[in-house]
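I opened this structure to take some notes on it. The entries below follow the order in which I looked things up.

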Amino acid sequence: QVQLVDSGGGLVQAGGSLRLSCAASGPIFSIDVMNWYRQAPGKQRELVAGIRTSGTTNYADAVKGRFTISRDNAKNTVYLQMNSLKPEDTAVYYCNIEGATYGMRPIRPWGQGTQVTVSS
């Protein structure tokens with residue numbers, strides 16, 4: 001089965017940086033889009049950034065200019081470099097992919113989540 005393992009969260013002071021990683025494994029034929037979402041306490045999960053196979057990216061307005069998403073297609077891995085972190089960035093961050101298995105079955109699994117806490 002397809003699995004995502006995300007890591008790299010932690011506690012950081014405002015203005016600091018963190019780099020999240022998410023590796024996908026299993027019978028993956030293709031990954032069209034790799035995304036990072038986040039969910040803060042009491043709030044809905046929201047899309048933070050996404051990147052297509054072509055390299056095209058999109059970002060939430062709240063993180064533009066501070067966060068950078070990238071991917072290594074050979075390793076089925078997506079990264080999120082987070083700079084100039086703010087307390088409002090505190091959340092559990094989840095990776096997610098949209099793709100297909102070797103049997104051409106669509107897949108959209110989620111990682112287990114990694115906590116990011118930014119202190120003021």
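**Entry 1: T90 and the ground rules**

I began with T90, which lies in the loop between β8 and β9. I took strands as DSSP runs of E with at least two residues and helices as runs of H or I with at least four residues, both numbered from the N terminus. This is a predicted model, in which local features need pLDDT of at least 70 and side-chain atom pairs count only at pLDDT 80 or more, while totals for chains, interfaces and linings use all residues. Residues are numbered from 1 along each chain as its sequence is written, and side-chain values use heavy atoms, with hydrogens and water left out.

What does T90 touch, leaving aside its neighbours within four places in sequence? I found A40, Q115, V116, T117 and V118 in contact with T90; contact means heavy atoms within 4.5 Å.

**Entry 2: the chain as a whole**

I counted elements next: the chain has eleven strands and zero helices. Along the sequence the pattern reads β-β-β-β-β-β-β-β-β-β-β.

I then looked at the dimensions. The C-alpha atoms fill a box of roughly 50 × 25 × 25 Å along the principal axes. The radius of gyration of the chain is 14 Å, which agrees with the value near 14 Å for a compact globule of 120 residues. That radius is taken over C-alpha atoms, and the globule rule is 2.2 Å times the number of residues to the power 0.38.

Of the 120 residues, 42% count as buried. Buried means under 20% relative accessible area, exposed means over 50%, and partly exposed is in between (1.4 Å probe, protein chains only). The accessible surface comes to about 6,300 Å², and 48% of it belongs to carbon and sulfur atoms. These areas come from the Shrake-Rupley method with a 1.4 Å probe; for residues, only the protein chains shown count as cover.

I noted that 56% of the contacts between residues at least 6 apart in sequence join residues at least 24 apart. On charges, the mean positions of the 12 positive and 8 negative ones are 1 Å apart.

**Entry 3: the disulfide**

How many disulfides does the structure hold? I found one disulfide (a pair of cysteine sulfur atoms within 2.5 Å). C22 and C95 form the disulfide, with their sulfur atoms 1.9 Å apart. The pair links distant parts of the chain, since C22 is in strand β3 (residues 18-25) and C95 is in strand β9 (residues 91-101), 73 residues apart. The torsion about the S-S bond of C22 and C95 is about 50°, so the disulfide is right-handed. Are these cysteines, C22 and C95, buried or exposed? I noted both C22 and C95 as buried.

**Entry 4: Y37**

I moved on to Y37, in strand β4 (residues 28-39). Y37 counts as buried because its relative accessibility is 13%. Not counting residues up to four places away in sequence, Y37 touches R45, E46, L47, V48, V92, Y93, Y94, N96, R108 and W110. For one of these, L47, I also looked up the C-alpha separation from Y37: 4.3 Å, at ten residues apart along the chain.

**Entry 5: the loop between β7 and β8**

N76 is found in the loop between β7 (67-72) and β8 (77-82). N76 has a positive phi of about 50° although it is not a glycine. With 23% relative accessibility, N76 counts as partly exposed.

K75 is placed in the loop between β7 and β8 as well. Which class does K75 fall in at 55% relative accessibility? I put K75 down as exposed. The C-alpha atoms of K75 and A24 are separated by 8.0 Å, and the two residues are 51 apart along the chain.

**Entry 6: S84**

I went back to the loop between β8 and β9, where S84 has its place. S84 is not a glycine, yet it has a positive phi of about 50°. Its relative accessible area is 40%, so S84 is partly exposed. Leaving aside neighbours within four places in sequence, S84 is in contact with G15, G16, S17, R66 and D89. The C-alpha atoms of S84 and G65, 19 residues apart along the chain, are 9.3 Å from each other.

Conventions:
Lys, Arg positive; Asp, Glu negative; His and termini not counted. Charge placed at Lys NZ, Arg CZ, Asp CG, Glu CD.
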